[in-house]
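Reader: I'd like to learn how to read a model like this one, feature by feature. Could you walk me through it?

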Amino acid sequence: MSPEFLLRKKFPFYAQPDAMDCGPVCLKMIAAYYGKSWPLSFFRNLCNIGRQGTTLSDLTEAAKQLGFRTLAAEMPYDKLISHAPLPCILHWEREHYVVLYRINTRYAYISDPANGRVKIPLPDFIRSWQTDEHTGTGRALLLQPAPAFGGMNDKPETEASLWSLWPYLKAHRKIFLPIVVSMLFASAFSLVIPFLTQLIVDRGIKNENTGLLWLICLGQLALFSGRTVMDFIRARLLFRIGARTSIVMLKAFLAKLMTLPFSFFDNRQASDNMQRVNDNQRIEDFLTNSLIGFMLSGLTLLVLGSVLLYYDWRIFLIFITGAVLSTAWSQSFRHRRKIIDQKKFKVLSANQQLLLEIFYAMQEIKLTGSESEKQQHWEQLQDRSYGLKLEALQLDQLMQGVGLFINEIKNVFITYAAAMLVIQDQITLGGMLSVTYISGQLNTPVTQLIEFARVSQNTRFSLRRMEEVHNETGEDADISEAPLPVVPQDIDVRKLCFRYGQEAAPLVLRDLDLHIPAGKVTAIVGMSGSGKTTLVKLLLKFYQAQQGSVTVGGKEMTTIHARSWRALCGVVMQDGYVFTDTIANNIYAGAECKDPERMQEAARLVNMHDFFRFMPFGYETIVGKEGYGLSQGQKQRLLIARMIYRDPSYIFMDEATNSLDAHNELSIVNNLNRFFRGKTVVIVAHRLSTVKNADQIVVLHQGQLVEKGTHTQLLAARGSYYNLVKNQLELEKINQV
């Protein structure tokens, strides 16, 4: 190994934040092993990560770009153990990636992004790694750093810390003063009680001074009452800080999500982001309870510890030794708690995703008879969740049980030492009771500090998961959001190539050249899977093409801010969404101006005005998933009305009328043809009635343009378009019969 590479003695480990991140995380661990560090987002981009993760070929290509010499191979176990340079990446259980960093004749040592560093018996290792039981082979990516790797400039990843909460807390600085005052009062109470206890024994009881006893007891009651009032005030102030900070953080998180490109959401499970929102509750609990508990415990330790030191330094030393041992024992479980927390995040995310699917797809579940299958899947997730909870409970019991035992040994030694001091006449009996009281009182803050260490670790996990989203680059963050000309311009597509996700995936669009004239209607037709919808999404800047260019009025799409561009566009997609809101707000969606007359005119153009007007609350009726149910055709007409209300310069319609009956389609298409005048329109459709009046018709086949012309010209050519029309007409005749 070249000396310029810094090898770590202990193999690094990073947990995968999302289910599809195992490949990039494995690459991150190996880079860290050789002394280089980059944020996870950097590896994600290199690996072309998609919703299903990444392929071995994409991992290989990413490693090459980092400066590794690579070899992706399928090999038997004996070749792996004898010839493979370690660490290497293994394809694990046919659906996951892990790093193998050490192996011998008995055990294999892997760093698993989902489960941490694990020592696995060799038979279990072979069973999980092999992809073919007959040949006994498995897949591995072998890597060794080349000189180019040493020349790469790394960028250490900033670890999320509790200090990242300070910008949110600064707004509440005025509330800090009463909180600090209440804490000082509580500490003063803790300071006075031991001396009052000694005073009761040494003065009140010994001298039989009942008046002094009453006075001390009343004073103690007054102190307790004052402390209780201060605790109530502090709790309310802390709730105010925690709740408001939580809301501000959620707002910032959602605002960041709104700036991210569409590909971010396309490549991630919605439940992962929802679970990140749930993580925010942890942060609120930390601010409301744990943080102030930590500060109060620290202050109590300082005050009562000083009193204990005042009585006798040897007793203080016993207490400190026990507290350090308890804390060290608790911290030794930090890594295991981190792994369990990450597993719980994954299971909770998968559970949430499945429940959403069950709730929204109940119709299909009933129709396909999938009730048992979905129920069994859900039960498996609950079993995994139960197993993780049991593992967490066992870990907590071990940690707390040994910690309590250490604490009890400390208490016994303190009691014995104090008793010996009384026997030796170095302190009074009241002093012994005071020392015992202080020792008991100090157990709570020590326990709270240990608990704070655990809670703060969990809070850092949550902050890190939220920070991963904040570190994502916003959509067109480096482009100014300048307004564009409202007058429609030509759109030109040149040598456009695009594939989804992995490098090994087939091209969806291949060397596509297309001119979309301004103020004209361009229809795009073709068989399913020919790339029509993908082309529309590229024109809307949902994705970035791998090669080629798109220009609007001669201006490169890459230099136009997506928000500015989409502000001029009206879009109806085949999977368009109706919000759970009023009909009016669904039509107004995104509009700055709300004009009821214009809204009703848009509804008239799609033959829905009378239907909306006679609904229970007219245009104020709630529709959508949680509201009044609309048929598929009614939803499409509502979406078209939304597009019409925007009165855009550019219109994109993807199968926008495929759910309409023939009568409504003919009427709406005629209305739309008048609405289209002077606008640049792109229509994706299968139906002849929708496309035959277009100024130009483009035929796509397997991502390539194969024909272009008017309806009459393409029929005369008797090519692909002719066959599409012929098949459709024959199908319509069959349906009529």
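Author: Here is a short tour, from the whole chain down to single pairs of residues. Keep in mind that this is a predicted model.

Reader: Start with the overview, then. How many helices and strands does the protein chain have?

Author: There are 26 helices and 19 strands in the protein chain. Of its 737 residues, 47% are buried. For contacts with a separation of 6 or more, residues 24 or more positions apart account for 73%. The chain exposes about 37,500 Å², and carbon and sulfur atoms supply 57% of that area.

Reader: Next, the inside. Which residues have the most contacts in the largest nonpolar core?

Author: A core of this kind is a set of buried nonpolar residues joined through side-chain atoms within 4.5 Å. The largest one here has 46 residues, and those with the most contacts inside it are Ile587, Phe612, Ile640, Met643, Ile644, Phe676 and Tyr721. Helix α22 (residues 632-646) gives the largest share of this core, seven residues. For a closer look, pick Phe612: leaving out residues up to four places away in sequence, Phe612 touches Ile583, Ile587, Ala603, Gly618, Tyr619 and Leu638.

Reader: How about a strand? Is β18 mostly covered or mostly open?

Author: Strand β18 (residues 696-701) is mostly covered, with five of its six residues buried. For strands, ask about partners and direction. β18 pairs with strand β10 (residues 521-526) in the parallel sense, over five bridges, and Val525 has Val699 of β18 as its bridge partner. With strand β19 (residues 704-709), β18 pairs in the antiparallel sense, again over five bridges. There, Val698 stands opposite Lys708 of β19.

Reader: And what sits between β18 and β19?

Author: Two residues; the strands form a hairpin, and Gln702 in the turn has a positive phi of about 50°. You can look for a positive phi after a helix too: α3 is followed by Gly67, whose phi is positive, near 105°. Helix α3 itself (residues 56-66) has Leu56, Asp58, Leu59, Thr60, Ala62, Ala63 and Leu66 as its buried residues.

Reader: On to charges. How many salt bridges does the structure hold?

Author: Ten. With each pair, check the distance, the place in the chain and the burial. Asp21 and Arg44 meet at 2.5 Å, N to O. This pair links distant parts of the chain, 23 residues apart, with Asp21 in the segment before α1 and Arg44 in helix α2 (residues 40-46). Both Asp21 and Arg44 are buried.

Reader: Which residue forms a salt bridge with Lys495?

Author: That would be Asp513, with the closest N and O atoms 3.7 Å apart. Lys495 lies in strand β8 (residues 491-498) and Asp513 in strand β9 (residues 509-516), so the pair ties together parts that are 18 residues apart in sequence.

Reader: Last one: which residues make the nonpolar surface patch of about 340 Å²?

Author: Leu309, Trp313 and Leu317 make that patch. Leu317 lies in helix α12 (residues 313-331) and is partly exposed, with a relative accessible area of 46%.

Technical notes: Residues are numbered from 1 along each chain as its sequence is written. This is a predicted model: local features need pLDDT of at least 70, side-chain atom pairs count only at pLDDT 80 or more; totals for chains, interfaces and linings use all residues. Side-chain values use heavy atoms; hydrogens and water are left out. Buried means under 20% relative accessible area, exposed over 50%, partly exposed in between (1.4 Å probe, protein chains only). Helices (H or I, at least four residues) and strands (E, at least two) are DSSP runs, numbered from the N terminus. Contact means heavy atoms within 4.5 Å. A salt bridge is a side-chain nitrogen of Lys or Arg within 4 Å of a carboxyl oxygen of Asp or Glu. Patches are made of residues with over 30% relative accessible area and no salt bridge: like charges are joined within 9 Å, nonpolar side chains (Val, Leu, Ile, Met, Phe, Trp, Tyr) within 5 Å. Accessible areas come from the Shrake-Rupley method with a 1.4 Å probe; for residues, only the protein chains shown count as cover. Two strands pair if DSSP finds at least two bridges between them.
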